[in-house]
Amino acid sequence: MLTTVIRAAEGGHETINPLLPATPDLIWGAVVFVVLFIFFWKIVLPRVTKTLDERRDAIEGGIERAEIAQAEASAARESYQAQLADARGEAGRIREQARVDGDKIIAEKKEQASAEAARILAAAQAQIEAERLAAQTSLRTEVGSLALDLASGVVGEALGDDKKATALVDRFLADLEASEAAGKAGK
Amino acid sequence: MLPLALPAASDDQFQGPTIGEFFPDVILFAGTPFEMNRIMIIRIVVLLAIVIIFSIGTYRMKLVPGRFQGLIEILLGYPRRVGEELLGEKDGKKFLPLLTTIFFLVLGMNITGIVPGMNIAGTSVIGLPIVLAVISYVTFIGAGLKKHPGTFIKNSLVPPGVPLPLAPLIAIIEFFSTFVLRPVTLTLRLTMNMVVGHLLLVLFFTATSFFFGLLGNGNPLGLLGAGTLLFGFAFSVFEILVAILQAYVFTLLTAVYTQLALAEEH
């Protein structure tokens, strides 16, 4: 086919060889190429690349965002549950503490009360004992003098200051007490 | 339109198309290195058409493309895929502007061969294919030298593993095939496809015109014109295929040569 063309060139237009480029042919070929190259390089392809990247981001980013949102949601749920468990534990602990405190307070109060009761009882008994002793003592004195007065009246003599008489009364009273004690023990 | 561009055929003698088809009269800037004939003007028109189409197609691109943007993206996807499949993602991106330019420039210039009113491919005169072949040539040699400085030429001429006595012979063959034949075949394959396509179409349509002329004069041989018209139509469709195929082949070979240069064994 090539030879046909060359022959045709030789035959019809001897000055034209289609394999040798004319200068304007080369120049316009180069101009067209350069313009188009710059056009695609600087304008078209950056736009397309940007769009493709954005599209990929939109697709992958959507998936990523969904995953992130899901992770956040489950994290939030976990932390909520953890907080809930904490709160429950805290409430239980407070309740337990309160119960323990209450028990302690009740025990203390009981103890205090019984101690107070014991103290009051002891004081009362002591007082009663003291009063009994006082009564016994005064009774003993009074009974003694009464007996002496009675005896003096009976015998007509003053026995009041006699040491013997006092000793006699004391002995009598001691015997009385002894017999009383013996009677108590006997009962 | 075509018959108008032809030398007037006389009624009784058929005159086929000549190589003069590709060297029409100068229209603009006569006498300067920038003089323009019909084909140069067609090149400028194609350039403007490509710029306008792709400017509109990529203006305010949306994430969800409309029909036109989708079409533009599909078109731009062809050279992108060629680059990425042959050169890998990184180098494919680097050489994408060149491959895209070559693809659409060749395609646009080829397709004018069957565009009514133009009827001749912008690539059917050898200047533009030479420019493109030289750029492809410089690109793959430059890529090889940059990637493997010092060893690229040596390994291109004598592949590793060649027995020493054979080396000079291999070197001559490899030099011829890599550094001479590649750009020449790139140029001629494209130019000759377009030249032959154009000559065929002109032949069919001038023949149709000639036969119908005969028919007008009462010659029954003129009925052959129906056949030539049909062939002309069929070859017009075929030329669309050739236009796309040649654009693809030129882009593919540029990518293949670059890939071979980058992947040179060391």
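Modeller: From the N terminus on, the elements of chain B follow the order α-β-β-α-α-α-α-α-α-α, which comes to eight helices and two strands; helices (H or I, at least four residues) and strands (E, at least two) are DSSP runs, numbered from the N terminus. This is a predicted model, in which local features need pLDDT of at least 70 and side-chain atom pairs count only at pLDDT 80 or more, while totals for chains, interfaces and linings use all residues. Residues are numbered from 1 along each chain as its sequence is written, and chains are lettered from A and ligands numbered from 1 in the order in which they are written.

Colleague: How many residues does each chain bring to the contact of chain B with chain A?

Modeller: Two residues are in contact if their C-beta atoms, placed from the backbone, lie within 7 Å. Here the contact takes 36 residues from chain B and 36 residues from chain A. The elements that give two or more residues to the side of chain B are helix 2 (38–57), helix 3 (67–94), helix 4 (96–111), helix 5 (127–147) and helix 7 (167–216) of chain B.

Colleague: Which classes of residue make up the side of chain B that touches chain A?

Modeller: Ala, Val, Leu, Ile, Met, Phe, Trp, Tyr, Cys and Pro count as nonpolar, Asp, Glu, Lys and Arg as charged, and the others, Gly among them, as polar. By that scheme, this side has 27 nonpolar, six polar and three charged residues.

Colleague: At what angle do helix 5 and helix 8 of chain B cross?

Modeller: Two packed helices are described by the angle between their axes and the distance between the axes. Axes are lines fitted to C-alpha atoms, for helices over the stretch in contact, and angles run from 0 to 180 degrees between N-to-C directions. The axes of helix 5 of chain B and helix 8 (residues 224–262) of chain B come within 8 Å and cross at roughly 20°, which makes helix 5 of chain B roughly parallel to helix 8 of chain B; angles under 35 degrees count as roughly parallel, over 145 as roughly antiparallel, 65 to 115 as roughly perpendicular and the rest as oblique.

Colleague: How do helix 2 and helix 4 of chain B lie to each other?

Modeller: Their axes come within 10 Å and cross at roughly 125°, and helix 2 of chain B and helix 4 of chain B are therefore oblique to each other. B:Arg43, B:Val46, B:Ala49 and B:Ile50 in helix 2 of chain B meet B:Phe104, B:Gly108 and B:Met109 in helix 4 of chain B.
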